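The points below are grouped by topic.

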Amino acid sequence: LLNVEVAMGKRLNDEVTVLQSDFQSFGPSIPHSTIVAVLKFFGVSKHWTDFFRRVLAVPIIFKEDGPHAEVRVRQRGTQMSSPLADVCSELMLFGMDFAVWQRTSGLRLYRLHDDFWLWGSEDACVRGWSTTADFAKVMGLDFNAEKSGSIRVSRTITRPLAASLPKGDVRWGFLKLTSTGYFTLDHALVDKHITALIGQLASCKSLFAWIKLWNTYGVKFFTSMLGGERPANCFGAQHITLMQRCFARVHEKVFEDDTTLANKVRKEIKRRFPSFIADVLDSFVFLPTAVGGLGVLNPFITLTQLEGRMISNSEVIMDTLHQAETTSYHTARSLYEQRQTPGLQQHKYQPSRSGFFPFSEYVRAREQLSHELLKAYKSLLHRPKPSEVHVSAEVASVLGGPQGLKGPYKIWLLDLYKDELVQNFGGLNIVEMKLLPMGMVKMARKERIKWNV
């Protein structure tokens, strides 16, 4: 959504300012007096505010202080991930949302809990940031400087941003927004997580734990931090290349001499099961457990399926929008000058001698009235589907079987390794399905990851 708004703001208004921030230790730092005041403001009765006050004021003792430490009554913070915490925090932050909307004449504050983003004209963002600062002061909160930042995206304007706006980068996961309107990779942050991934993988006690950690941290987490498994058109085709380069760096650092993910899994199997002498096939490594494989995820397959499915960049859609608006304007102007505008004769309206109004006035209310803008907006938000694989009848029979193999990723895998499977196993199943200990496998996969802190 941010990327779409930036692409449109840069093209239609020549500039868009973006700011980002969140509150330092928001949950644990909320003063109980603030919570009670907010509850009273929204009409909660004294009976219930007294009850909430008692629930929040928990007597606590810290283990690190020893067995004879003094018992203290908590004056700040709420219990994490509890309904009471959600109600109290959202009531407070709603006040900030509404205040920003009021003082910026309708600018919307986008929030994920206490992380928030604001974009629009520079003046509106300055007023919005000032409003959030006033809110923080009244509520007894502080901003997280490490997660605060602002930037101007523009094709022509180069002057510095207002000094009052927060200093720092605007980020989403591993991505940093640039003044061009596109995201770039934060290599330092990626390397930090690669180092953490290497340490966590080394501490795994079992092969199933290793695979689950790789799938969860090495693939799913990294993918989400890069914008998701299926990026929208607004990122442009270059974003797929960015993701591929990031995962190539992960493989290079994590697997080193093993060169590939499959080789690394083979090495792990040999290390944990020295008596295992059979060759470990790639198909066994990557195919899902439903057909007897280990289910190791390969991020490059999904990215390969998205190649050629996305537009080159957002400017393509914006060029189409501009052409559609220009054509519509000239058509309306021609009809007006020829006195063929629908409804003109019925109202006996005489065309103005000053001529048809200019293009800038014609598109002034495009955000409220333009169907072309809506179409462009939806096109930028569109998330292309991975390319389909045309499978053989043999593969199709397995896909429709009890294994429940669905989705482009699994279909691609099965089609990729079908020849290897037939050659080594005589069919598309690695083992007889009835002999698979699926209960044990499911139990192992459901086991929570034990992080090495």
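In this predicted model, helix H3 passes helix H4 in a right-handed crossing. H3 covers residues 32-41 and H4 residues 46-56.

**Helix pair H3 and H4**
- The two helices pack at an angle of about 160 degrees, and their axes lie 10 Å apart.
- Angles over 145 degrees count as roughly antiparallel, and H3 and H4 are therefore roughly antiparallel to each other.
- On the H3 side the contact is made by His 32, Ile 35, Val 36, Leu 39 and Lys 40, which meet Thr 49, Phe 52, Arg 53 and Leu 56 of H4.
- Five of the residues in this contact are nonpolar, two are polar and two are charged.

**Sheet**
- The open sheet has four strands in the order S4-S5-S1-S6, with antiparallel pairing.
- S4 (110-112) and S6 are the edge strands, each pairing on one side only.
- From one strand to the next, the twist averages 15 degrees.
- Helix H5 (residues 83-103) packs on the sheet and touches S4 and S5 (115-120); its direction makes about 165 degrees with that of S4.
- Helix H6 (residues 122-139) also packs on the sheet, touching S1, S5 and S6, and its direction makes about 150 degrees with that of S5.

**Strand S6**
- S6 (residues 149-154) is mostly covered, with six of its six residues buried.
- Gly 149, Ile 151 and Val 153 point one way from S6, whereas Ser 150, Arg 152 and Ser 154 point the other way.
- S6 runs antiparallel to S1 (residues 15-21), and six bridges join the two strands.
- Val 16 stands opposite Val 153 in S6, and Glu 15 stands opposite Ser 154.

Terms used
Residues are numbered from 1 along each chain as its sequence is written. This is a predicted model: local features need pLDDT of at least 70, side-chain atom pairs count only at pLDDT 80 or more; totals for chains, interfaces and linings use all residues. Side-chain values use heavy atoms; hydrogens and water are left out. Axes are lines fitted to C-alpha atoms, for helices over the stretch in contact, and angles run from 0 to 180 degrees between N-to-C directions. Angles under 35 degrees count as roughly parallel, over 145 as roughly antiparallel, 65 to 115 as roughly perpendicular and the rest as oblique. A crossing is left-handed if the near helix is turned anticlockwise from the far one by less than a right angle, and right-handed if clockwise. Contact means heavy atoms within 4.5 Å. Ala, Val, Leu, Ile, Met, Phe, Trp, Tyr, Cys and Pro count as nonpolar, Asp, Glu, Lys and Arg as charged, and the others, Gly among them, as polar. Buried means under 20% relative accessible area, exposed over 50%, partly exposed in between (1.4 Å probe, protein chains only). Two strands pair if DSSP finds at least two bridges between them.
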